[in-house]
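Here is a short tour of a two-chain model, written for someone who likes cut-offs spelled out. Have the viewer open as you read.

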Amino acid sequence: MTSRKVKIKTGKAVELERYRLLVDSVQDYAIFLLEPDGTVASWNPGAKRFKGYEAEEIIGQHFSKFYSEADIKAKKPEKELEMAIRVGRLEDEGWRLRKDGSAFWANVVITALFNTKGDLQGFAKVTRDLTERKAMEDSLVEANKKLRLQQQELKSLNEVKDEFISLASHQLRTPATAVKLYLGMILEGFAGDLNQQRLLLEKAHESNERQIALINDLLRVAQIDAGKIQLEKEEVNINKLVIDTAEDQQDNFKKRNQKLILNLNDKVSAEIDSKRFRMALDNLIDNASKYTQSGGKITISLIKNPSDFQLSIIDTGVGIGNEDMQKLFTKFTRFQNELSDNVGGSGLGLYWAFKILEMHGGKINVQSQVGKGSTFTLCAPLSASV
Amino acid sequence: MSRVLLVEDEPTLREAYELILKSGGLDVDTAEDGLKALEYYQKHSYDLVLLDLMMPQMDGAGFLRAADPKKNTPSTAIIIFSNLSSGTDLDEALQLGGDKHLLKSDLSAQELIDEVKSILSSK
């Protein structure tokens, strides 16, 4: 482009001049014309920027100069012009060559230009350099690959961890059982009468019971995490299950001078894994009692809905604060409150209960107010048909 | 005196249970796996077998298949003595000739003696 002076000419000349200025102002796109035979007829700053040629160098050359050898062999340039003529316009993405031989990823639009009589006048070519975009896409693909690998690694590390917990707790079971047996024998008088020894041995026995409970908890949780638990579902009278579970806990309630009220409003029969569901319920009732002061009240209600049932355990205990709520169903969580020192337990019970309900296609909801009490609601489908 | 065959692979537990049963006044033979148990079973007659399930060499189910106590010694009580609380292994054992299942971790020494004696006296 030589002169920038706009001479006042006829209206058409001015308009042409403005279009030339337009094209010449664009640095981010290569916009140029091709003759009907494919030779380059014009050039703009964008074209020079992407392809590296000065106008004088490239005008008159065939545009296949921008294509790779492989493309030229496959007659890609000619095919693109043919398509542009046939369809009117062609858009393509591919490698194009710069003057120095280096390649860049381009988005190319070729438009065939016809006069009013329908004669081919040439082609308009607009090329965009997508190298940057392609580089970003490529690095995204790489990052994705890396992420997937990391995920796999994490998954197998997790499995190793679960296997270890399972193995360790399994191994711990045997000596713990042996200690239980021997302590039990002494306390039961197999080795003669006891005097002062009794208190010490009873303390040891208590600790041993806690060991065994913790080991069993660990084993259960490891199994459920490793997906090794298969629910054994059958039709169960939920009312009876609740009554039986509550009865088993009577000693705890008596000991803590607490009142248990059963509001089993509806008769519910559901398809559940009786043993495991009962363990979850047991844990919730036990918690309700543990975290309620002496003299407090625990209510259990049962409601039947069209396709599920809701079992609520309501206590008048210490309640759970908002921050603690978030961690409620995670492993090894036990909270600090006025009763927690006397409580004992592994912190795994709620996690396990949550998982068991989840496996049944149900859930556990919690509502609580510090100082007022908590309501844990177990919700599970009536039938396992899902 | 009633004769009991105790089949248990864990040495710590095997010793403890042997001691417990003997102090209960029972005559006890112990075997650490199904193969050893089969040897004893074929040589002597037992009033009761306390059978663990998970054992190396030959497990509880294997012993039951080989010994077929229901057919060969119908008067011998077979107690499946395992820490498994459910599952196909337990069901299979009960089908192959187990009379009853006792959960190891549930029983104290005295409770075990009481259970065994109660089963022996009901024969």
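## Chain A overall

Take the contacts in chain A between residues at least 6 apart in sequence: 58% of them join residues at least 24 apart, where contact means heavy atoms within 4.5 Å. Chain A has twelve helices and eleven strands; these are DSSP runs (helices H or I, at least four residues; strands E, at least two), numbered from the N terminus. Of its 386 residues, 37% count as buried, with buried meaning under 20% relative accessible area, exposed over 50% and partly exposed in between (1.4 Å probe, protein chains only).

A bit of housekeeping: this is a predicted model, so local features need pLDDT of at least 70 and side-chain atom pairs count only at pLDDT 80 or more, while totals for chains, interfaces and linings use all residues. Residues are numbered from 1 along each chain as its sequence is written, chains are lettered from A and ligands numbered from 1 in the order in which they are written, and side-chain values use heavy atoms, leaving out hydrogens and water.

Helix H12 of chain A spans residues 349-359, and its buried residues are A:Leu350, A:Tyr351, A:Trp352, A:Ala353, A:Ile356 and A:Leu357. Their cover includes helices H7 (197-225) and H10 (274-290), plus strands S10 (363-369) and S11 (373-381), of chain A. After H12(A) comes A:Gly361, with a positive phi near 85 degrees.

A:Asp282 sits in helix H10 of chain A. A:Asp282 is partly exposed, at 30% relative accessible area. Leaving aside residues up to four places away in sequence, A:Asp282 touches A:Thr245 and A:Gln249.

## A helix pair in chain B

In chain B, the axes of helix H2 (residues 34-43) and helix H3 (residues 60-67) come within 9 Å and cross at roughly 30 degrees. H2(B) and H3(B) are therefore roughly parallel (angles under 35 degrees; over 145 is roughly antiparallel, 65 to 115 roughly perpendicular, the rest oblique). The contact uses B:Gly34, B:Ala37, B:Leu38 and B:Tyr41 from H2(B), and B:Phe63, B:Ala66 and B:Ala67 from H3(B).

## Where the chains meet

Twelve residues of chain A contact 20 residues of chain B. Together the chains bury about 1,400 Å², 64% of it on carbon and sulfur atoms; buried area is the accessible area (1.4 Å probe) that two parts lose on being put together, summed over both. A:Thr174, A:Leu181 and A:Phe190 supply 35% of the area that chain A buries against chain B, more than any other three residues.

Key. Axes fitted to C-alpha atoms, helices over the stretch in contact; angles between N-to-C directions.
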